[in-house]
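Good morning, and thank you for coming.

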Amino acid sequence: MKQIAYNKYALYEYFVLEKYEAGIVLEGAEVKQLRAGNCNLKDSFCLLRSGRLTLKNLHIPVYDKAGAFSTKDSKRDRQLLMHKRELDKLAGKINEKGYALIPLALYFSGSLIKVEVALCKGKQTFDKKHTIAERDRKRDLDRQIKNYK
């Protein structure tokens, strides 16, 4: 499993409750860019409308060698593929206030490209401060352990 991109910002902004794996519908030139590691998940999110899961704002740069066969929109909407029962389960949870579907990672599973999607609940400002303080404490502890040896 080779990881293409990871959304670190999502872990700062949201509490991750459940994780799901979804396939993604791509064009050939987009796959070439992903094999080169060119994509950005930072501002992306998922919408569930009329039984279809759509990934929005995933930035995959335009492949310059594709010529006329390449789409010119690097942030176009891309369809995600999941089982119907998983989508039905998610539909009930997303409609609650404060919940969102956020892509955490893009990776290769064999020759296929998969997206790790998480059901998340938004953090408040004090939660984010607590996350930063916890990270700083862990970093200081690691430094002390390293210097002790």
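Let me begin with the criterion: two rings of Phe, Tyr or Trp are taken as a pair if their centres lie within 6.5 Å, and planes under 30 degrees apart count as stacked, over 60 as edge-to-face and the rest as tilted. Please bear in mind that this is a predicted model. By that criterion, the count comes to 1 aromatic pair. Its rings belong to Y9 and Y12, with centres 6.4 Å apart and planes at 40 degrees, so the pair is tilted. Both tyrosines lie in helix α1, residues 8-13, where they are 3 residues apart, about one turn of the helix. As for solvent, Y9 counts as partly exposed, at 38% relative accessibility, and Y12 also counts as partly exposed, at 25%.

Aromatic faces also meet charged side chains here. K121 lies over the face of Y99, at 4.9 Å from the ring centre. K123 lies over the face of F15, at 5.1 Å from the ring centre.

I turn now to the cysteines. How many disulfides does a search of the whole structure find? The search finds 0. Consider C46: the closest cysteine sulfur is that of C120, 9.6 Å away, which is too far for a bond, because a disulfide requires the two sulfur atoms to be within 2.5 Å. Seen from C120, the closest cysteine sulfur is in C46, at 9.6 Å. C46 counts as buried, at 7% relative accessibility, and C120 is buried too, with a relative accessible area of 0%.

Which residues touch the most other members of the largest nonpolar core? Of its 25 residues, they are I24, L34, L80, L106 and I113. The elements giving two or more residues to this core are the strands β1 (2-6), β2 (14-24), β4 (52-56), β6 (99-109) and β7 (112-122), together with helix α3 (84-94). The largest share, 4 residues, comes from β7. Apart from this core lies another, of 5 residues, among them A10, I102, L104 and A118.

Let me close with I113. Leaving aside residues up to four places away in sequence, I113 touches I4, G23, I24, L26, V31, L34, L106, Y107 and F108.

Conventions. Residues are numbered from 1 along each chain as its sequence is written. This is a predicted model: local features need pLDDT of at least 70, side-chain atom pairs count only at pLDDT 80 or more; totals for chains, interfaces and linings use all residues. Side-chain values use heavy atoms; hydrogens and water are left out. Rings of Phe, Tyr and Trp (its six-membered ring) pair if their centres lie within 6.5 Å; planes under 30 degrees apart count as stacked, over 60 as edge-to-face and the rest as tilted. Buried means under 20% relative accessible area, exposed over 50%, partly exposed in between (1.4 Å probe, protein chains only). A charge sits over a ring if NZ of Lys or CZ of Arg is within 6 Å of the ring centre and within 35 degrees of the ring normal. A nonpolar core is a set of buried Ala, Val, Leu, Ile, Met, Phe, Trp, Tyr and Cys residues joined through side-chain atoms within 4.5 Å. Contact means heavy atoms within 4.5 Å.
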